[in-house]
Amino acid sequence: MKNDTVNLADSLAKEPLSMGQRIQQNQKFLNILQETQARLRQAQDTSFLQEELPVIEMVLNRIREQSLTEQSTVNLRFLNELENLIIGYNQQVNKWQEAINKRSTDLIDAEEKLSSINQVLHEDKGKEEPQPLQGYLQQKEALEKRFQNVDSLYRVKRFAGLRIQTQLSGIKIQLDELLESVRLRQAEFRRDLLKRDSPYLWQAHATTSKKPFSEVIQETLILNRVILKHYLETKYGWLIFLIAAFLLIYFWIRTMIEKISQTKDFSSLILQRSKYLRYSPFLGTALILLTVGPYLFSFPPYLLILSFLFGSVLVTTFLIRIVLDRSSMVLWSVMVGSFLVFGSSNLITQLAHQEKWYLLGFSMVGIVMGIQLLKLIKEKQHLFPINLPYLIYFFLAMQLMSIAFHIVGRFSLGKILGVASTLSTMQGISLYVFVLVVMEGIYLQSELSKENQKDYANFLNYQAIYSRLKKIFSFLALLMWLYLLLVNISLNQTLGDQLITFLQKDRTFGNTSFTYGSILTFFLLIWVSSVLAKNIAYFASIRDNQNLEQRDKRLGSSILLIRLAILTIGFFLAIAASGLSLDKLAIVLGALSVGIGFGLQTIVNNLVSGIILAFERPIQVGDAIEVGNRSGVVKEVGIRSSTLQAYDGSEVIIPNGDLLSQHLVNWTLSNKSKRIELMIGVAYGTDLEKVHKVIDKILDQDGILSFPKSNIFVHNFGDSAVEFRILFWVANFDQWLQVKNQVLREIYQAFASEKIEIPFPQRDLHIKTEQLQKKPPHNKREE
């Protein structure tokens, strides 16, 4: 489609213009040129690429000459490092190309406008101006001058853009070729990983090497420094984000601790449950960010990962010393030393067989430390996590295999296993402390959010919250641990590529095409939404249990709506993310509707009943109800059924449909008051006014409401007693049994002191003996 300038030029070329139209035309051209000039000047400055691109080309040439030749002895870890570096450069070049391509679109638009204006100006040169005005001539002169300036600026920008596009295309080709070469070397290295790459340990020349170890160390330092420098030059934003996040989290934790200390009556008990953050908010914050940091960067170099990991281990060392004894800290210190040796060894970029001896030595030291730690765990189980022995067994097994491979000349494989076992073990322990610190932060925030200064989580609630949070964060920590384990054994990229290929491959079933990735995405989002809904409902129920006295402040059955909303949103997100067709979904739902009509009526009835309960709110969590022959306190209002905590301690599952279809008695719907009725009998002949006064005096106590007024009636003349009916109200339904017990005890004691008899049923038995005396005997023996 032609732009406005082209349309204007076409229309003006068809018929001669008047002087007024020429002036309007020139003014419009001036506006267009001014706008185009501003856009050209405001374009993104690409001069920095003149410095960046030569550096990238130099790095790529060095990689090609020193690392990918047949004579090079780089190891698998360094090949993975090169792969990450090339992928990072590739992503950066792609971003630059997108920006340049967008800039090219603007240049093409500017070219069309300049071409149209130039055509009009060229045609006007051969025409005779009818009675030209002085203002018109000045306007035309300004237009021609502005056109020349904008045209010159356009040509400069266009030439620079073409030059940069050419350079970027060349670098992109080099990156693709190098990436393919690196991956071929990786595949070759992995294929030969089980082959012998060094002499057997018992051979005399086992430590010989073509290159001095000092030279290998020097090259390692240079290459790792160059890689890290070029990587961080594009990640300043993330570094600033980490610093800002550290400050925010640190001051958040400090503020929580100070507020709890100043405002909470049980601050010592609350802070006692947060030993790490109470000991050092600074170290707790540092551990959080050092643990999460490596996962915030895309394709980070190994030196950056190791730096974060070393920082987290160092912070963990200072934190765990508040819970471990001296012997445990000695073992931990030796493990930290082993961690430094294996981590530094993994930075070496070439196959240096001289490492074999000290790696073997530290593997043996690690095995001894592992065995000692297992003994210490058995003796002092309360100091260590329950699952720590499994991590130690994993460490010992990997170290034993590492030693075995070193002995039989599989140096590369032995080094990979030794490094992976040591770093993963230390990271696993650090992750455990990280989970504890995060849970402590959440716990402190939950305690601080309570309005009542005297409120705090009791031991059972604290243990329940702790257990649930620990499961969630332990699962996330396990995923983080597995990822770095794959990085340490150099399988993350390979397994990732294979997994992506497997999940994204198109498959057919009948006329339906699908991928395993879409199915996995669908069920993963459904699972996440269900876990999220379940945990939100759990923590909301805890909040309700803390507000049992205030029914209007409880979420109650509204929790069901929250769960349904989360599940519904998760369901539709799962559909959208997995790419399922809505037409096919409609067919499935239609088939389900038939099934619902025949076999799922009860389930749907209970589901709809649950939604009605959530909107009408006839019951809430914490309400005392009676339904059918069951009574108790509502513990949970679920989607299909609700849970009733019976007074005998049992939990009764009641379908939601029964709560609507049967007569429901809610003792706490509008208030928690309850009327108590007592039947008391006194002996005939007792002064009734005296009895009335004694009972009335007893009913005047704190647990009984003055309004509604208590009533004492003479109810009936029984067989053995004059019966009194006593009616009074208590404010709290939960305490009516205690109040009734107190009133009955006091009545009994008062009647005893006032000599008022409480009769019991009596019967008079009359025996007639006259007929027995007149009756003759049956036989002689009876005579």
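**Exercise 1.** Is the crossing of helix 12 and helix 15 left-handed or right-handed?

*Solution.* This is a predicted model, in which local features need pLDDT of at least 70, side-chain atom pairs count only at pLDDT 80 or more, and totals for chains, interfaces and linings use all residues. Residues are numbered from 1 along each chain as its sequence is written, and side-chain values use heavy atoms, with hydrogens and water left out.

Step 1. Helices are DSSP runs of H or I with at least four residues, numbered from the N terminus. Helix 12 spans residues 326-345 and helix 15 spans residues 411-448.

Step 2. Helix 12 and helix 15 cross in a left-handed sense (the near helix is turned anticlockwise from the far one by less than a right angle).

**Exercise 2.** Determine the packing angle of helix 12 with helix 15 and classify it.

*Solution.* Step 1. The angle is about 135°, and the axes lie 9 Å apart (lines fitted to C-alpha atoms over the stretch in contact, with angles from 0 to 180 degrees between N-to-C directions).

Step 1. Helix 12 is therefore oblique to helix 15 (angles under 35 degrees are roughly parallel, over 145 roughly antiparallel, 65 to 115 roughly perpendicular, and the rest oblique).

**Exercise 3.** Describe the packing of helix 11 with helix 15.

*Solution.* Step 1. Helix 11 (residues 302-320) packs on helix 15 at about 55°, with axes 9 Å apart; helix 11 is therefore oblique to helix 15.

Step 1. The crossing of helix 11 and helix 15 is left-handed.

Methods:
Helix = DSSP H or I, 4+ residues; strand = E, 2+ residues; numbered from the N terminus.
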